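The following exercises are to be worked through with the sequence and the model at hand. Each task is followed by a solution in steps.

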Amino acid sequence: MTHDKLWQAVYNELAETLPSHAINTWFEPISPIALSGKELVLEVPNQFFYEWIESHYKHNLVSALTKTSERDVNFKFIVSAKKTDLSVSDDPQPKQKKPNGFLDPLLNNNYSFEKFIEGSNNQFAKNAAISVASDPGNSSFNPLIVYGGVGLGKTHLIHSIGNAVLKENPSAKVVLVTSEKFTLDFVNSLRKNKTVEFAKKYRSADILLIDDIQFFRGKEQTQEQFFHTFNELHQAGKQIVLTADRYPAEMQGLQDRLLSRFQSGLAVDIQPPDFEMRVAILMEKAEQNGVDLSYDIFEFIARHIKSNVRDLEGTIIRILARSS
């Protein structure tokens, strides 16, 4: 079975189990790229798509693949290399082009400081992010490291920084990647003997934002490249923003000199939201999605989902799906 036929079978299976709006929003834009061994490679439009499907529909995909494939097949996502359009449709000014070969940021326009719900658990992190976005590279918060558990808003904050910088200065060279994307770009540069071009692309950034740096652990050559990239940008007065799952000093498998660089800036944590914060998040997400619920229901959900903002958002989406 070809990758196209397998994906069509999986898509049809998903269409029978998921609501139409979920299929149209999250699965219609997916493109099958290849069937490599026991892995179906799927292309998604951006990083946000990847994270949302991984968080909310992974079990549906696994189940559909199991039912439709003739053998044990897993799936793998890659993010499209197409440009993310950051222009506003009614902006009379022409969009300024980046220099040839520059990395386009995979920014999600839905992430902004205005949409980031602030509470005692994340106030310091948000204020630090706003400070960095307003004057990148010129504050003492360099690097800025935002750390905390899964689904608490770290990714939202770094996308908000990138969007705010580009809104203020559309010609700014903003690079936002995951640690996996950085590693993949480096490996490809080794494979194609283009390490010089790789270095130039990342080191020409005005602001470098990397999500989930804990996944650099154990990757010695990648850490070496990142170390030199970090040094060059920092010495040039460029801003660096990183996210991680824990405080830098507690990271295992990263070089001591990297950890030392991380600790030279500001590390801010995001804690799980308290009860009132969870209710506020639920009410905001319900309003954004047009879901009308009583306050008692918000309280009930908030009492049972305590540690993960992404799970709160997912609950609202599931309610929307069931009511459709």
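**Exercise 1.** Which residue ranges does the domain assignment of the chain give for domain 1, domain 2 and domain 3?

*Solution.* The model under study is predicted. Step 1: the assignment places domain 1 at residues 3-79. Step 2: domain 2 covers 113-269, and domain 3 covers 275-323. Step 3: for comparison with a record, consult UniProt, where an unreviewed entry puts the feature "domain: AAA+ ATPase" at residues 140-276. That span is 45% helix and 19% strand, and its end C-alpha atoms lie 33 Å apart.

**Exercise 2.** Determine the strand order of the open sheet formed by 3 strands, and identify its edge strands.

*Solution.* Step 1: the strands follow the order E1-E2-E3, with mixed pairing. Step 2: strand E1 (31-36) and strand E3 (74-79) each pair on one side only, and these are the edge strands.

**Exercise 3.** Describe how E1 is joined to E2, and name the bridge partner of Ala34.

*Solution.* Step 1: strand E2 comprises residues 39-44 and runs antiparallel to E1, with 5 bridges joining the two. Step 2: Ala34 has Val41 in E2 as its bridge partner. Step 3: E1 and E2 form a hairpin, with 2 residues between them. In the turn, Gly37 has a positive phi of about 65 degrees. As background, strands of a sheet pair through backbone hydrogen bonds, either parallel or antiparallel.

**Exercise 4.** Characterise the interface between domain 2 and domain 3 by its contacts, buried area and salt bridges.

*Solution.* Step 1: the C-alpha centres of the two domains are 30 Å apart. Step 2: 8 residues of domain 2 are in contact with 8 residues of domain 3. Step 3: about 680 Å² is buried between these domains, and carbon and sulfur atoms give 61% of that area. Step 4: the count of salt bridges between domain 2 and domain 3 is 0.

Definitions and conventions
Residues are numbered from 1 along each chain as its sequence is written. This is a predicted model: local features need pLDDT of at least 70, side-chain atom pairs count only at pLDDT 80 or more; totals for chains, interfaces and linings use all residues. Side-chain values use heavy atoms; hydrogens and water are left out. UniProt positions are given in the numbering used here, feature names are shortened, and annotations may be inferred rather than shown by experiment. Helices (H or I, at least four residues) and strands (E, at least two) are DSSP runs, numbered from the N terminus. Two strands pair if DSSP finds at least two bridges between them. Domain bounds come from an automatic or database domain assignment. Contact means heavy atoms within 4.5 Å. Buried area is the accessible area (1.4 Å probe) that two parts lose on being put together, summed over both. A salt bridge is a side-chain nitrogen of Lys or Arg within 4 Å of a carboxyl oxygen of Asp or Glu.
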